[in-house]
Amino acid sequence: MSSWLLYCRAGFENECAAEIQGEALQRGISGYCKARADSGYVTFTSHDPGADLFAVLALEDLIFTRQWFAIYALLNDLPLADRLTPILRLLQQQPHQYAEFFIETPDTNTGKELQKLCRALARPLESQLDAGGLYQAKADDRLHLCFLSTHAAYVGYAPLANSSIWLMGIPRLRAPRQAPSRSALKLEEGILRLMFEDEREQFLRPGMKAVDLGAAPGGWSWQLIQRHLFVIAVDNGPMQEELLESGQLEQIREDGFRYQPSKNVDWMVCDIVDKPKKVTALMARWLVNGWCRHTIFNLKLPMKKRYQEVQQCLTMLHDELIAAGIDATIRCKQLYHDREEVTVCVLTADAAGK
Ligand SMILES: C[S@@+](CC[C@H](N)C(=O)[O-])C[C@H]1O[C@@H](n2cnc3c(N)ncnc32)[C@H](O)[C@@H]1O
């Protein structure tokens, strides 16, 4: 297998391509990308046909890739009356069995128009995989079909252990009516995507204290309160009334760049819209001073050199933490609920030991 398909946010194909090329090369796999603007995906082809990207790189390590799979083939002329027969013929030639399958499209308007077709194919595909001996509940891999049009689809596979559990890498989250803003979903996705289950249990416990910088109207604070944390919301803007009355939130009307907690807290989250390097420096200050042990924050990206900017910010943060002797895990992802931004999570080892 020497080509992979990577799903990204439409408009971020260049960032996705630059990142996979760089990360693969660092691990000894050189190759090239094909990326069409606003297509919502990129393909990466290794110069070495025997290269195994899945063995050397984890999906979590990639910022701009939501989901990925290794490509068997692009089938371009699928007969509209029977798309599955050529797909099954291709699968019979492959060495894999599948525990499950995803029928996907890129996350674009064209993709949305193909969703009905994808849903209609699910049942017949399931029974044909079964009949063909390709379905095996204990298999390690998942089958991926990515429809680009009614008659063209990429077919491939991904290891369950190194791919997203969500179709197209998009978690289906619903904003409850009571949430003050849709941003609540961004923090929820960040918590789900950037922390493993055991980390959520260990580091995000009821009764913990959090500071929310740039909190209004309160979607992120609401998310933390749902998890039974106590929140200090720092923002000059108005917070949702119900949050103020909840007994779990105190608002401080102050500049988030100047505010300093009177006592150290477990968490600090930050959704302030400002220059990425300025926000990164603020995050580093909190962690280095021990004002918080963990943080999740957003970096709003500039119009140009977005990947470069993210890399510089993450390097700056990493270097400052190392210099201060802080052992931290830094993860970064462009979430489905992120627009022109990425979300970063930092968990410190000090807390990991507790
Ligand atoms: C994107 S909104 C935050 C939305 C919020 N996370 C939510 O879930 O509802 C950005 C907020 O940052 C606040 N903000 C901007 N600059 C700030 C600063 N220097 N200090 C504190 N808050 C700031 C704005 O008032 C605004 O409410």
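**Reading a ligand site and a sheet**

Modeller: One oxygen atom of the ligand is 3.4 Å from a polar backbone atom of Pro217. This is a predicted model, in which local features need pLDDT of at least 70, side-chain atom pairs count only at pLDDT 80 or more, and totals for chains, interfaces and linings use all residues. Residues are numbered from 1 along each chain as its sequence is written, and side-chain values use heavy atoms, with hydrogens and water left out.

Colleague: Which side chain has an N or O atom 2.8 Å from an oxygen atom of the ligand?

Modeller: A polar contact is a pair of N or O atoms within 3.5 Å. Here that side chain belongs to Asp235. In Asp255, a polar side-chain atom lies 2.8 Å from a nitrogen atom of the ligand. The ligand taken alone exposes 600 Å², of which the protein buries 74% (Shrake-Rupley method, 1.4 Å probe).

Colleague: Which residues around the ligand come nearest?

Modeller: There are 17 residues around the ligand (a heavy atom within 4 Å), and Gly219, Asp235, Asp255, Gly256 and Asp271 come nearest.

Colleague: How many bridges join β5 to β6?

Modeller: Five bridges join β5 to β6 (residues 141-147), and the two strands run parallel. Phe102 has His144 in β6 as its bridge partner.

Methods:
A polar contact is a pair of N or O atoms within 3.5 Å; within protein, one must be able to donate a hydrogen and the other to accept it, and residues adjacent in sequence count only if both atoms are side-chain atoms. Two strands pair if DSSP finds at least two bridges between them. Helices (H or I, at least four residues) and strands (E, at least two) are DSSP runs, numbered from the N terminus.
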